[in-house]
Amino acid sequence: MRPASDSARHVPDIMTVPIKVRSFLANVGLFRELAEDELDRITALTRQVRVSRSEILFHRGDEAMGLYVIVLGQIKLAFVSARGDEKVVDVLGPGQSFGEAVMFMERPHVVTAQALADSLLLYIQREAVFDELERDPRFARRMIAGLS
């Protein structure tokens with residue numbers, strides 16, 4: 001049996017991969033239209049979240065304190081029906097965001113978010129987005145353009 005090559009032994013672990021938060025956000029649809037200074041302020045209040053497979057990010061009914069952007073991994077959004085069956089609403093992957101709709105409406109989460117794989121996410125606090133909305137009404141138009 002041949003020994004594994006060095007490259008096979010050094011596969012990066014998703015839980016330790018470093019990323020450039022600002023560069024990543026600048027390429028996500030929701031933030032693509034933002035001005036440089038707006039993106040800088042959002043980045044300053046963004047933190048990296050690493051979750052293991054099967055870990056719950058939030059439950060249905062939890063307060064929406066921010067939004068998430070997936071860098072690596074996969075997240076399932078689901079709820080349990082009145083009959084007790086799980087209903088999967090969506091399965092999201094890298095570059096996709098979630099939680100923004102209920103955050104903007106200031107409503108509790110309507111689904112539970114669970115990692116289907118080890119995942120690296122960016123978490124943007126509600127206050128970061130709301131402060132920018134109050135600072136400059138054009139920010140709202142740029143975010144809407146990014147959502148489109």
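Helices (H or I, at least four residues) and strands (E, at least two) are DSSP runs, numbered from the N terminus. The model is predicted: local features need pLDDT of at least 70, side-chain atom pairs count only at pLDDT 80 or more, and totals for chains, interfaces and linings use all residues. Residues are numbered from 1 along each chain as its sequence is written, and side-chain values use heavy atoms, with hydrogens and water left out.

The protein has six helices and eight strands. From the N terminus on, the elements run α-α-α-β-β-β-β-β-β-α-β-β-α-α. Of the 148 residues, 39% are buried; here buried means under 20% relative accessible area, exposed over 50%, and partly exposed in between (1.4 Å probe, protein chains only). The accessible surface comes to about 8800 Å², computed by the Shrake-Rupley method with a 1.4 Å probe, where for residues only the protein chains shown count as cover. Carbon and sulfur atoms hold 51% of that surface. Contacts (heavy atoms within 4.5 Å) were also counted between residues at least 6 apart in sequence. Among these contacts, 74% join residues at least 24 apart.

Four strands form an open sheet in the order E1-E8-E3-E6. Two strands pair if DSSP finds at least two bridges between them. The pairing in this sheet is antiparallel. E1 and E6 stand at the edges, each with a single partner strand, so one side of each has no neighbour in the sheet. E3 is joined to strand E8 (residues 119-125) by six bridges, and the two run antiparallel. Valine 69 has leucine 122 in E8 as its bridge partner. Helix H5 (residues 126-135) packs on the sheet and touches E3 and E8. The direction of H5 makes about 45° with that of E8. Such angles run from 0 to 180 degrees between N-to-C directions, with axes taken as lines fitted to C-alpha atoms, for helices over the stretch in contact.

Aromatic rings were examined next. A pair of aromatic rings is described by the distance of the centres and the angle of the planes. Rings of Phe, Tyr and Trp (its six-membered ring) pair if their centres lie within 6.5 Å; planes under 30 degrees apart count as stacked, over 60 as edge-to-face and the rest as tilted. The structure holds five aromatic pairs. One of them joins phenylalanine 58 and phenylalanine 98. This pair is tilted, at 6.1 Å centre to centre and 40° between the planes. It links distant parts of the chain: phenylalanine 58 lies in strand E2 and phenylalanine 98 in strand E6 (residues 97-98), 40 residues apart. Phenylalanine 58 is buried at 6% relative accessible area. Phenylalanine 98 is buried as well, at 3%. The rings of tyrosine 68 and phenylalanine 98 have centres 5.1 Å apart and planes at 10°, so this pair is stacked. Tyrosine 68 belongs to strand E3 (residues 66-72) and phenylalanine 98 to E6, so the pair ties together parts 30 residues apart in sequence. Both tyrosine 68 and phenylalanine 98 are buried. Phe58, Tyr68, Phe98 and Tyr123 form one aromatic cluster.

Glycine 99 is placed in the loop between E6 and H4. At 15% relative accessibility, glycine 99 counts as buried. Glycine 99 is in contact with Gly66, Leu67 and His109, leaving aside neighbours within four places in sequence. Alanine 64 is 35 residues from glycine 99 in sequence, and their C-alpha atoms are 7.0 Å apart.

Glutamate 38 sits in helix H3 (residues 36-44). Glutamate 38 is buried, with a relative accessible area of 2%. Its side chain reaches the backbone nitrogen of alanine 35 at 2.9 Å. Beyond its neighbours within four places in sequence, glutamate 38 is in contact with Glu132, Asp136, Phe139 and Arg142.

Serine 54 is not a glycine, yet has a positive phi of about 80°. Serine 54 lies in the loop between strand E1 (46-51) and strand E2 (56-58). At 42% relative accessibility, serine 54 is partly exposed. Glutamate 106, also not a glycine, has a positive phi of about 55°. Glutamate 106 occupies the loop between helix H4 (100-105) and strand E7 (112-115). With a relative accessible area of 56%, glutamate 106 is exposed.

Conventions: A polar contact is a pair of N or O atoms within 3.5 Å; within protein, one must be able to donate a hydrogen and the other to accept it, and residues adjacent in sequence count only if both atoms are side-chain atoms.
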